[in-house]
Amino acid sequence: MLGRLGLTLAREHRPDLIALDLHLPDISGETVLTQLRADPLTQDIPVVILSADATPRQIDHLLAAGAQAYLTKPLDVHTFLALVDEHLG
């Protein structure tokens, strides 16, 4: 999904969880995360980052920026589903 469209949909629908790729065609996933955290309507929505970038520096940076979790690609479906269960009960 495009980053700007995702932001609009998050504000309109306020989902229980957002899975966010870092490499989007229009704006970066990091920018999306920053804007989600800055908006009172979306600041409390848990965000799980999905990325092929598995460097510890990148992971630490985005967790510090407000992501609840950081999953690397290829995605382990069991780990993803466990995170969904954890955040959605």
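Helix α1 (residues 3-13) buries Gly3, Leu7 and Ala10. Seen down the axis of α1, the buried residues fall within an arc of 65 degrees, so they line one face of the helix. This is a predicted model. The protein averages a pLDDT of 94, and 99% of the residues score at least 70.

- An α-helix has 3.6 residues a turn, so residues three or four places apart point the same way.
- The cover over the buried residues of α1 includes β1 (18-21) and α2.
- Glu12 and His13 sit on the other side of α1 and are exposed.
- Arg14 follows α1 and has a positive phi, near 40 degrees.

**Strand β1**

- Side chains alternate along β1.
- Ile18 and Leu20 point to one face of β1 and are buried.
- β1 and β2 run parallel, joined by 4 bridges.
- Ile18 has Val47 as its bridge partner in β2.
- Ala19 stands opposite Val48 in β2.

**Strand β2**

- β2 is mostly covered, with 5 of its 5 residues buried.
- Val47, Ile49 and Ser51 point one way from β2.
- Val48 and Leu50 point the other way, and they too are buried.
- Ser51 belongs to β2, which spans residues 47-51.
- How much relative accessible area does Ser51 have? The value is 0%, so Ser51 is buried.
- Beyond residues up to four places away in sequence, Ser51 touches Leu22, His23, Tyr70, Leu71, Thr72 and Lys73.

- Asp53 lies in the loop between β2 and α3 (56-64).
- Asp53 counts as partly exposed because its relative accessibility is 26%, which falls between the limits of 20% and 50%.
- The side chains of Asp53 and Thr55 are joined by a polar contact of 2.9 Å.
- Leaving aside neighbours within four places in sequence, Asp53 is in contact with Gln58, Tyr70 and Thr72.
- Asp53 and Leu9 are 44 residues apart in sequence, and their C-alpha atoms are 26 Å apart in space.
- Thr72 is part of strand β3 (residues 69-72).
- Is Thr72 buried or partly exposed? At 32% relative accessibility, Thr72 counts as partly exposed.
- Thr72 touches Ser51, Asp53 and Ala54, not counting residues up to four places away in sequence.
- Thr72 and Gln58 are 14 residues apart along the chain, with 11 Å between their C-alpha atoms.

**The loop between α2 and β2**

- Thr42 is found in the loop between α2 and β2.
- Thr42 counts as buried because its relative accessibility is 1%, and the limit for buried is under 20%.
- A polar atom of the Thr42 side chain lies 2.7 Å from the backbone oxygen of Leu36.
- Thr42 touches Ala10, Arg11, Gln35, Leu36 and Arg37, not counting residues up to four places away in sequence.
- One of these, Ala10, is also among the buried residues of α1.

**Helix α4**

- Helix α4 (residues 77-88) has 12 residues.
- From its first C-alpha to its last, α4 reaches 16 Å, close to the 16 Å expected at 1.5 Å a residue.
- Which residue caps the N-terminal end of α4? Asp76 does, with a side-chain oxygen 2.9 Å from the backbone nitrogen of His78.

**Confidence**

- Among the elements of the protein, α4 has the lowest mean pLDDT, at 92.
- Helix α2 (residues 29-38) has the highest, at 97.
- Where pLDDT is low, the predicted coordinates should not be read in detail.

Conventions:
Residues numbered from 1 in each chain as written. Predicted model: local features only at pLDDT ≥ 70, side-chain atom pairs only at ≥ 80, totals over all residues. Heavy atoms only, no water. Helix = DSSP H or I, 4+ residues; strand = E, 2+ residues; numbered from the N terminus. Expected span 1.5 Å × (residues − 1). Polar contact = N/O pair within 3.5 Å; in protein donor to acceptor, adjacent residues only side chain to side chain. Buried < 20%, exposed > 50% of the residue type's maximum accessible area, 1.4 Å probe, protein only. Contact = heavy atoms within 4.5 Å. pLDDT = per-residue confidence, 0-100. Arc of directions from axis to C-beta. Pairing = 2+ DSSP bridges.
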